[in-house]
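Subject: Structure handover

Hello,

Here is the structure for you to look over. My notes on what was found in it follow below.

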Amino acid sequence: MSKLGIIIVSHSKNLAQGIVDLINEVAKDIPLTYIGGTPDNGIGTNFERVQEIVDLNPAEELLAFYDLGSARMNIEMVADFSNKVIHIQHVPIVEGSYTAAALLQAGGDKDTIITQLEELRITK
């Protein structure tokens, strides 16, 4: 199992599930946890649900992908309270998480993956 895992935080249950479905086509062996939407299946994110997926992920170091600002904010807050190292990626959620997962599955190391993701970085 990889020492590096992935978390995905989306405002939408369907969007999160779709991304995981894509990733599972190329990277079935990586530690991956995700959350999408609110407990009542609405659109949104919250601290508790993000904390849960961080805790459930067996990796001690995580690449975090998010879709919108409050998802990022919740990841940042969880990172402040977590013993895990969380690297928040400011890249398109689909392309970034898919790229990271494929590289992890192929045996890529953290520095190589983060360098590749930097090319996708959203600057605005």
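Start in helix α3: R72 and E76 are four residues apart there, so about one helical turn separates them. (Helices are DSSP runs of H or I with at least four residues; strands are DSSP runs of E with at least two; both are numbered from the N terminus.) The two form a salt bridge, with the closest N and O atoms 3.0 Å apart. By salt bridge I mean a side-chain nitrogen of Lys or Arg within 4 Å of a carboxyl oxygen of Asp or Glu. R72 is partly exposed, at 33% relative accessibility. E76 is partly exposed as well, at 31%. (Buried is under 20% relative accessible area, exposed is over 50%, and partly exposed is in between, with a 1.4 Å probe and protein chains only.)

A word on the source. This is a predicted model, so local features need pLDDT of at least 70 and side-chain atom pairs count only at pLDDT 80 or more, while totals for chains, interfaces and linings use all residues. Residues are numbered from 1 along each chain as its sequence is written, and side-chain values use heavy atoms, with hydrogens and water left out.

The other salt bridges

How many salt bridges does a search of the whole structure find? Three. E61 pairs with K110, the closest N and O atoms being 2.9 Å apart. This pair links distant parts of the chain: E61 is in strand β3, K110 is in helix α5, and they are 49 residues apart. E61 is partly exposed, with a relative accessible area of 22%. K110 is partly exposed at 30%. R121 forms a salt bridge with E118, with 3.8 Å between the closest N and O atoms. Both ends are partly exposed: R121 at 38%, E118 at 45%.

The cores

The largest nonpolar core has 18 residues. I6, I8, I23 and F65 have the most contacts inside it. (A nonpolar core is a set of buried Ala, Val, Leu, Ile, Met, Phe, Trp, Tyr and Cys residues joined through side-chain atoms within 4.5 Å.) At least two residues each come from β1 (4–10), α1 (13–26), β3 (61–66), α4 (93–105) and α5 (110–118). Helix α4 gives the most, with four residues. Another core lies apart from it, with 15 residues, among them I7, V54, A59 and L62.

Take a look at F65. Setting aside neighbours within four places in sequence, its contacts include I6, I8, I75, V91, A100 and L117. (Contact means heavy atoms within 4.5 Å.)

Strands and fold

β3 pairs with strand β4 (residues 85–88) in the parallel sense, over four bridges. (Strands pair if DSSP finds at least two bridges between them.) A64 stands opposite I88 in β4.

The UniProt record, an unreviewed entry, lists residues 3–124 as "domain: PTS EIIA type-4". (Such annotations may be inferred rather than shown by experiment.) Over residues 3–124 the chain is 48% helix and 18% strand. The end C-alpha atoms of that stretch are 31 Å apart.

Most residues other than glycine have a negative phi. N41 is not a glycine, yet its phi is positive, about 65°. Where is N41? In the loop between β2 (32–36) and α2 (47–56). N41 counts as exposed, at 56% relative accessibility.

Best wishes
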